[in-house]
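Subject: A structure to look through

Dear colleague,

I am passing on a structure that I would like you to read alongside my notes. Please open it first and keep it in view as you go.

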Amino acid sequence: MLPVLGIMEGRPLVANDEPVLDPSRLPGHVAVIMDGNGRWAKARGLPRTMGHRAGVDRLEELIRTAAELPVPILTVYAFSTENWRRSRWEVEALFRLAEEVLHQRLDRFNQEGVRLVVIGQRERLPGSLQREIERAESLTSGNRRMLVNIALNYGGRADIVQASRRLCQAVREGRLDPDQIDEAIFASFLSTAGLPDPDLLIRTGGELRLSNFLLWESAYTELWVTECLWPDFGRREFLMALADYQKRERRFGRVSSQV
Ligand code: IPE
Ligand code: IPE
Ligand code: MG
């Protein structure tokens, strides 16, 4: 069990040496690019897959911390449409790991009130993984404490293309008038339909790029990149990212209120 952070209504408290957070200004949706597993493993003389394995515990810790704060929505990048370019061995190991996590940790997530949803093109995933996904989604569908979207075989461009295809279909069938299409209607065809855009996007592993993650949704998202590799990204790093987010002024194109 993780120690309780000790945040009280409207009053930030410091627990141990953790950063001070303002509970009234927590982000509603945080997206995470969990990068750096391979480098973490390499530095220890281990195969890359051991890095992915080590990363799973950090994901569980992240979810638990988010539920506790609360940060009600997390979207985590687990496998991109570009990750098929890796060796077959690594790709298969990643899918096996995803299946194992859904199988072994599902009851725990469920008991903690976590709703799991997988976004991305699941048709190309192994059948056994697709079945675990369906089981996880249906078992947790009534949970309301927090939502965790797992982006698996997800690509921002692919998602925009599938949304466009379904939009055209709706027009062809006379369900939608092209003149009605606006940003909100377009967004309702994306795999993140109905969710607020991420307020904060965290990337571990130090790369300064989006790697095809949530391209539409992150138009005004605050970015936070750390050199910390994903298997080293613990509760404290997450709280540091949130503390930094709370210092930002989100202008959305407006002029600063400070000047
Ligand atoms: C991220 O870690 C996990 C996935 C992309 C599945 P990497 O495997 O990309 O780790 P690095 O970037 O090579 O260190
Ligand atoms: C992004 O990491 C994808 C995931 C974390 C799942 P990558 O390691 O695939 O990104 P690039 O290739 O360095 O941009
Ligand atoms: Mg990487």
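This is a predicted model: local features need pLDDT of at least 70, side-chain atom pairs count only at pLDDT 80 or more; totals for chains, interfaces and linings use all residues.

Residues are numbered from 1 along each chain as its sequence is written, chains are lettered from A and ligands numbered from 1 in the order in which they are written, and side-chain values use heavy atoms, with hydrogens and water left out.

Helices (H or I, at least four residues) and strands (E, at least two) are DSSP runs, numbered from the N terminus. Helix α7, residues 235-247, has 13 residues and reaches 19 Å from its first C-alpha to its last, close to the 18 Å expected at 1.5 Å a residue, where the expected span is 1.5 Å times one less than the number of residues. Its buried residues (under 20% relative accessible area, with exposed over 50% and partly exposed in between, for a 1.4 Å probe and protein chains only) are R235, F238, L239, A241, L242, A243, Y245 and Q246. Among the elements that cover them are β1 (29-33), α2 (48-68), β5 (200-203) and β6 (222-225).

Two packed helices are described by the angle between their axes and the distance between the axes. Axes here are lines fitted to C-alpha atoms, for helices over the stretch in contact, and angles run from 0 to 180 degrees between N-to-C directions. The axes of α2 and α7 come within 9 Å and cross at roughly 50 degrees, and these two helices are therefore oblique to each other (under 35 degrees counts as roughly parallel, over 145 as roughly antiparallel, 65 to 115 as roughly perpendicular and the rest as oblique). In contact terms (heavy atoms within 4.5 Å), E61, L62, T65, A66 and E68 in α2 meet R235, F238 and L239 in α7.

For helix α3 (residues 88-111) and helix α4 (residues 127-140), the axes come within 9 Å and cross at roughly 20 degrees, so α3 and α4 are roughly parallel to each other.

One residue of α3 deserves a separate look, namely E90. E90 is buried, with a relative accessible area of 5%, and touches R48 and H52, not counting residues up to four places away in sequence. E90 and D177 are 87 residues apart in sequence and 45 Å apart in space, C-alpha to C-alpha.

Best wishes
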